[in-house]
Structures are given as C-alpha cells and as structure tokens.
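This report describes a protein chain and its two ligands.

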Amino acid sequence: MVTSHTYLEGDDYRRLQECIHCGLCLSACPTYLVTGVEADSPRGRLALMRALDLGEVPQSSAFTHLDLCLGCLGCQTACPAGVSYGHLLEKTKAIRRPALWIRWALAAVTAPVPLRLLTAWLRLLQTIRLDRLLVRFPLLPQVIRMQLRGLPRLKGLPFTSRTEQVLPAAHPAGLRQGRVALFTGCVMDRWYQPVHAATTRLLRWNGFEVVIPPGQGCCGALHAHAGLLGEAEELLKRNRDALAGMEAQAVIVNAAGCGAQLADKLWPDGEGPPVVDLSVFLTEHPLEPPRYKLPEITTYDAACHLYHAQGVRSAPEQLLALACETVETLPEADQCCGSAGLYSLLQGQMSRKVLALKVEQLRLLKATKLVTTNPGCQMQLQAGLQAAGIPMAVDHLGELLDRAYRRDPAYRQTFNLSDQAT
Ligand code: SF4
Ligand code: SF4
C-alpha cells in the first residue's frame, strides 16, 4: 500500500495509476523511436514519475529521461486509458527549479526587454549577413547554428513597436459578423508580426472587427513546461487582465503552443470569451474562400500543441484545400518535429534526431511549401530543411491563406497591398 507521496496526491496519483502498461503509446513517442529505451517512452516515464513520487529513485536519474521528453503529447492521443500525461509531466517538472541559465534563456525569448535586445542583436547579424557565415562556422555549437538557420527574416520589421502599435484600425471589410480579440504573445509579437498582420486581414475580410488589446505578453507556456508554474500563472494573469472586458466573442490565437496554454488556463472560471485557434475560427464561420488558388504544391505538418493538446485535426487542412491547387499529404504529420519550445536549445542532440525523422519524410515529397501553425515548429522545420539542402520553404497557415487572398485585386485594394508576393 502506498503511504508517502512526495508530490502526487489524490487525483494526480489516481491519474498516474490509470496507466495499464499496454504500450500502445510507444510507437507514438518520438524519443522512444530514437532510443528504443523503455525509460524514454511514455510508459517508462510514468513509471519514473511514480518512483519519484514514492522516493524510490533519485531526482537526477529520473530527470535524465524526463528531461528528454518533448512534451509533444503524442502519447496522450494514443492512450486508450486516457492518462493525462501532460498534466503529470507539468506537475513533475515543478518539483525542481530549473537552472539559472535556463531561466535566462526563457527570459531572453519571452520577457519584453530581453526579447527586444535579442531581436536587435539578431537583426544586426542578419543585416550584415553574419548569420550566413556563422551557420557554416564549425566551431559554433550546432544548437546555435540550427537556431540561426531557422530564424525568420527580422530585417524590415518594426524595431521597437508592439503589434498593437503597428497594425491599422481593424474594422471588418465586408458584412459584419462580429468582433474578436487577437492574442499577440511574445515571440510572435516580435518576430512574426507579418503573421499577425495576415491574421488580422483574414478576419477582417471575412467580416470581423479585430481588436488587439495592449498589455498582453507571453502566455507562460514555456514557463509551465519548465516547471515554473508560479511564473506561468503570473503571465496568465497579466493576459487575463489585458483581454478581459474587450467585448469580443473569441480570443483568436495563431500560435499552437500559446493556444494550448490559454485554452485551458486563461479563464479558470470560464468567465471570458473562448480561446480559439485561427484555423478553427475561420472554418466554423461563414467564410468567403479565396477567388484564386496558389499554384505551388503544399504540404502540412501539424503542430503538436494544435493536434494533440487542442485536438484540432481537420481545420488547417480544410483551409489549405481552399488556398492551394495541390496539397500533398505528409505521412506522420502529427509526429513532433523536435522543436518543443526551449527543447531544441536544451536537448539539441535529441531534437535534431527527432527532426531528422521528419526531414526524411519531407524529402520524399514533391511539395515546395510546408505549412504549420506554430513559430517554434516553423523555425525548427526551416532549419532542418535548409541544413538538409531541401528546397522547401515553411510558411504559417495564416500567411499562406493571406497570400491566396492577395491574388484577388479587391483584397489588395481593401488592405492597400502591393501585388508582389502573390
Ligand atoms: S510527450 Fe511526446 S516525447 Fe514525451 S513521452 Fe509523450 S510522446 Fe514521448
Ligand atoms: S497507452 Fe496509456 S495506458 Fe498504455 S502504456 Fe501508454 S500511457 Fe499507459
């Protein structure tokens, strides 16, 4: 009989006990596919959590395998017993304070001032084209070279401005269907403002007023994944305050990781508008499809936090079919690309091995365009494709859909867009 839990009690321990050791999750686990080691499988990790909870293994040996977990939740989708693996992993990570350098790395990509400084430095590297030299410099750790390869073009983006300061007033372009709030986040806000701009146009074109409440910031997902649950809750509260009272029918999110975090935790009492992924929102409302499709062959890779964490399966592909003449199916598109937030920095070697499995699938396709819905996946996939010499560009679904609409002169005229890049 269990007598002394160290951190999993009541419902949490019951959730752990729901694992019936069937092993059906093993083939869905990228790290198990790479190592073949039971402790690197979901079932093995659940056993480690139980042993940790009962004080039967030292933290250091358990975390050797737990830290290698991507948190992709592929196992949760595969599990017939409904084990809440993600919740248990988050609880387990929280028993240990991450190293100082990990907290610095987190701050660098999520806190406003460090992120602004990092962005300025990366922009400078790109402007003087030093990034192109550095990715070939063998003495630079591969983990850094991969990050530089995957970085979006920052040149030309507003240096100091937040998304809400640069996007124009956002009234609906056609018949009004309603009003939504756009969640802008941290990295998306600094490095992917063109995706936010495209998102705003798509929503306005289809009849929605878009408000971008000031005072938003990081959703706290990366903090929660690192076990910093208190910090994650503070960030959630900041966003709760910013997004409350906007009289919006939904909070639209275009980054899968943020969406998974906010959908579950933004409104703990259910008192605010639902958090909805852009693809789901567009497919659930009357949509005026693009008049002209894009000619390039396109394929889609599902972000884990959209597919597994939020259960969004068909909406992105429905939109792709509206936007592209030819959509090619990527086998095992629901398997993680190895990005997983800070994972590609902290566990570079495993991240690249998991990425290699994905790149080998992509190599077999004719597609010249790959679409996904999360900034981390976009960077990871772009880095992997570029390193493998595969001429395939990676786009966010929102940007791709916007490009299809841009082929229509009326769309361009409405939003004062040039006819380039259509
Ligand atoms: S979350 Fe992903 S990497 Fe972790 S155990 Fe589950 S399938 Fe494996
Ligand atoms: S599929 Fe579910 S029940 Fe079966 S071993 Fe994996 S976690 Fe346990």
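In what follows, Ala, Val, Leu, Ile, Met, Phe, Trp, Tyr, Cys and Pro count as nonpolar, Asp, Glu, Lys and Arg as charged, and the others, Gly among them, as polar. The model discussed here is predicted.

**Ligand shells**

By that classification, the shell around ligand 2 comprises 12 nonpolar residues, two polar residues and one charged residue. Of the 15 residues around ligand 2, those that come nearest are C19, C22, C25, R43 and C79. Two or more shell residues are given by each of α3 (42–53) and α5 (74–78). The largest share of the shell around ligand 2 comes from α3, with three residues.

Around ligand 1 there are 14 residues, of which C29, P42, C69, C72 and C75 come nearest. Helices α2 (30–35), α3 and α5 each supply at least two residues of the shell around ligand 1. The composition of both shells is set out below.

| Ligand | Nonpolar | Polar | Charged |
|---|---|---|---|
| Ligand 1 | 10 residues | three residues | one residue |
| Ligand 2 | 12 residues | two residues | one residue |

**Domains**

The domain assignment divides the protein chain into domain 1 (10–93), domain 2 (100–150), domain 3 (163–285 + 408–414) and domain 4 (294–400). The centres of domain 1 and domain 3, taken over C-alpha atoms, are separated by 32 Å.

**Strands and core**

Strand β1 (residues 178–182) pairs in the parallel sense with strand β2 (residues 208–211) over four bridges. With β3, strand β1 likewise pairs in the parallel sense, over two bridges. Residue A181 stands opposite V211 in β2 and opposite V251 in β3.

The largest nonpolar core has 112 residues. Those with the most contacts inside this core are V180, V251, I252, V253, L262, A323 and L401. Leaving aside residues up to four places away in sequence, V180 touches L203, F208, V210, A248, Q249, A250 and I252.

**Helix α16**

How far is helix α16 (residues 256–265) enclosed by the rest of the structure? A residue counts as buried if 20 or more other C-beta atoms lie within 10 Å of its own. Eight of the 10 residues of α16 are buried, so this helix is largely enclosed by the rest of the structure. The buried residues are A256, G257, C258, G259, A260, Q261, L262 and A263. Their cover includes α14 (221–225), β3 (251–253), β4 (275–277), α18 (304–307) and α22 (375–387).

**Selected residues**

A108 is found in helix α7 (residues 100–110). This residue counts as partly exposed because it has 15 C-beta neighbours inside 10 Å. Apart from residues up to four places away in sequence, A108 touches P114, L115 and L118. The C-alpha atoms of A108 and V187 are separated by 10.0 Å, although these residues are 79 residues apart along the chain.

H21 is not a glycine, yet it has a positive phi of about 60 degrees. H21 is found in the loop between α1 (10–17) and α2. With 8 other C-beta atoms within 10 Å, H21 is exposed. E332, which is not a glycine either, has a positive phi of about 55 degrees. E332 lies in the loop between β6 (324–328) and α20 (343–346). Is E332 exposed or partly exposed? With 14 C-beta neighbours inside 10 Å, E332 counts as partly exposed.

Terms used: Residues are numbered from 1 along each chain as its sequence is written. Chains are lettered from A and ligands numbered from 1 in the order in which they are written. This is a predicted model: local features need pLDDT of at least 70, side-chain atom pairs count only at pLDDT 80 or more; totals for chains, interfaces and linings use all residues. A residue is near a molecule or strand if its C-beta atom, placed from the backbone, lies within 6 Å of it. Domain bounds come from an automatic or database domain assignment. A residue is buried if 20 or more other C-beta atoms lie within 10 Å of its own, exposed if 12 or fewer, and partly exposed in between; C-beta atoms are placed from the backbone. Two residues are in contact if their C-beta atoms, placed from the backbone, lie within 7 Å. Two strands pair if DSSP finds at least two bridges between them. A nonpolar core is a set of buried Ala, Val, Leu, Ile, Met, Phe, Trp, Tyr and Cys residues joined through C-beta atoms within 7 Å.
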